[in-house]
Amino acid sequence: MSIDEVVREHWATRAGFILAAVGSAVGLGNIWRFPFQVGQEGGSAFLLMYLFFILLIGLPAMLVEFAVGRHTERNPVGALGAIGGRAWRYVGGLFILIGFVILSYYSVVAGWVLRYFVGSFTGAYAADPEAYFVGIATGFDALAFHAIFMAATVAIVALGVRRGIELAVKLMVPSIVLVMLGLAVYAATLPEVGDAYAYYLSPDFGVLIDDWRSIVPAAAGQAFFTLSLGMGVMITYASYLAEDRNLAEDGTVIIGFDTGIAILTGLIVFPILFAAGIGAADPGPGAVFVALAGAFAEIRFGMLFGILFFGMFSIAALSSAISLIEVVVSYVIDERGLDRPTATAIVGGGMFVLGAPVALLSADGAPIMVDLYDILAAEILLVTGGILLMGLIAWGNPGLAIGELEKGIGDLGTSATVWIWLVRIPVVVVLLVSLALAVVGYAEFLTGPFAEFVSG
Ligand code: TRP
């Protein structure tokens, strides 16, 4: 046991923990990834499947991560090793690696957001939204804003759990919620709002039946991504918790917030797009940027709207990025014995380098690496991490998880058994099916669109 474990920091308040977890969950996943997945996977049909997965998989998986974290008070490597034995340290190592991969490209996309925020003060993107995106998405701007975003993340996390993360999220999360509510109210006054709501909110079951092979893995990947599950963020954050919290209650609040914000994003984004006559976004990671910037150029008060939107969006990305880097940093501190500022700077530097190809490589102006990293991370790596973790806990150590949950609640009786069996069979089966479909889909992507991009 190292010195750091003896003096491990704890959250100062319950709100601090909840806000940190909400700040982690709410980010590019809600505001960037979610609308373009909705657009790509058939509108409301995707929304329905996603909501189903949040309840079926998201909540139980989050509680598993909380139980592991609070029980062991360790980073994911130490935590899984303590529960499952030496071999499980490698699974923990996989989690660290996943965090590394995700933040490397997440920071590039967040850099775009920051670039748009800066650009929105001059309305720089209004003249030709398409060309603007091409100009900033790869190349010097992309690399520079990737660096700025990563530096901001490092600066906060280097300050520590209470003085850095907790303080930051206490300022950031309430402002995100306020701005989003304001934007949604404004969006409701736009013309064509009825069509936008209809596209977004009335499920077409035909699409679900025709396209389930891509909708299922996309919805599962999105559920993990948006809730920050499958790589140990919630293990790490729960490792800074005191014993007496009611984990189930906290998990429900966190998921409620994240899902609320995702739904709210749709209520903002789709009316804006419909009002500007753009309709649902074309598929692809650039779509939200191009389409929204185009819309801000068209609608009433578009400039102000753009500043608020991209400002709030930058903050949301930052509060998620700090959770991703914290997982890796906590591992380096606990297991490698570095001090926090050094650990944070080294990890941030490494992530910057891994993300550089995403910021630099393009084909016909389109960034070609984002999908490559993103589909791999969300649909394959996170889902694999989730399956391994659920297996370790629900099959291998159910008593531990139940005991941990009961600490803040009292005797759970049969609901504990129901929870364990829900995780053991339906959740694991759905995830295995989803993983298999994702692997097939990814192989098709690599040999199809990606190969074309690379050779074209
Ligand atoms: N959930 C965040 C978002 O939606 C991103 C994120 C933070 C994340 N930590 C994570 C995704 C851990 C996967 C795993 O933007």
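Visitor: Which helices do the buried residues of helix 20 pack against?

Guide: Two terms come first: a residue is buried if 20 or more other C-beta atoms lie within 10 Å of its own, exposed if 12 or fewer, and partly exposed in between, with C-beta atoms placed from the backbone. Two residues are in contact if their C-beta atoms, placed from the backbone, lie within 7 Å. Here the buried residues of helix 20 pack against helix 4 (44-72), helix 12 (212-226) and helix 18 (369-396). The buried residues of helix 20 are W419, V423, V427, L431, S434, L435 and A438.

Visitor: How are residues and helices numbered, and where do the coordinates come from?

Guide: Residues are numbered from 1 along each chain as its sequence is written. The model is predicted: local features need pLDDT of at least 70, side-chain atom pairs count only at pLDDT 80 or more, and totals for chains, interfaces and linings use all residues. Helices (H or I, at least four residues) and strands (E, at least two) are DSSP runs, numbered from the N terminus.

Visitor: What span does helix 20 reach, and where is its kink?

Guide: The expected span of a helix is 1.5 Å times one less than its number of residues. Helix 20 (residues 414-455) has 42 residues and reaches 58 Å from its first C-alpha to its last, close to the expected 62 Å. A bend is the angle between axes fitted to the seven residues ending at a residue and the seven starting there. In helix 20 a kink of about 40 degrees lies at F445, shortly before the proline P449.

Visitor: How many residues does the largest nonpolar core have?

Guide: A nonpolar core is a set of buried Ala, Val, Leu, Ile, Met, Phe, Trp, Tyr and Cys residues joined through C-beta atoms within 7 Å. In this model the largest such core has 164 residues, and those with the most contacts inside it are V64, V109, V113, A219 and L382. Helix 16 (residues 302-336) gives the most to this core, with 18 residues.

Visitor: With which residues is L382 in contact?

Guide: Neighbours within four places in sequence are left aside; the contacts of L382 are then I98, G221, F224, F225, L229, G230, M231 and A377.

Visitor: Is F310 buried or exposed?

Guide: F310 counts as buried because 26 other C-beta atoms lie within 10 Å. F310 is found in helix 16. Its C-alpha atom is separated by 6.2 Å from that of V113, 197 residues apart along the chain. Beyond four places in sequence, F310 is in contact with V113, Y116, F117 and S120.

Visitor: How many residues surround the ligand, and which are the closest?

Guide: A residue is near a molecule if its C-beta atom, placed from the backbone, lies within 6 Å of it. By that rule 17 residues surround the ligand, and the closest are G27, L28, G29, S228 and S320. Helix 2 (14-25), helix 3 (28-40), helix 12 and helix 16 each supply at least two residues of this shell.

Visitor: Is A242 buried or exposed?

Guide: A242 counts as exposed because it has 11 C-beta neighbours inside 10 Å. A242 is placed in the loop between helix 13 (233-238) and helix 14 (247-275).

Visitor: What is the phi of E73 and of E192?

Guide: E73 has a positive phi near 50 degrees, in a residue other than glycine. E73 lies in the loop between helix 4 and helix 5 (76-84). E192, also not a glycine, has a positive phi of about 65 degrees. E192 is in the loop between helix 9 and helix 10 (193-201).
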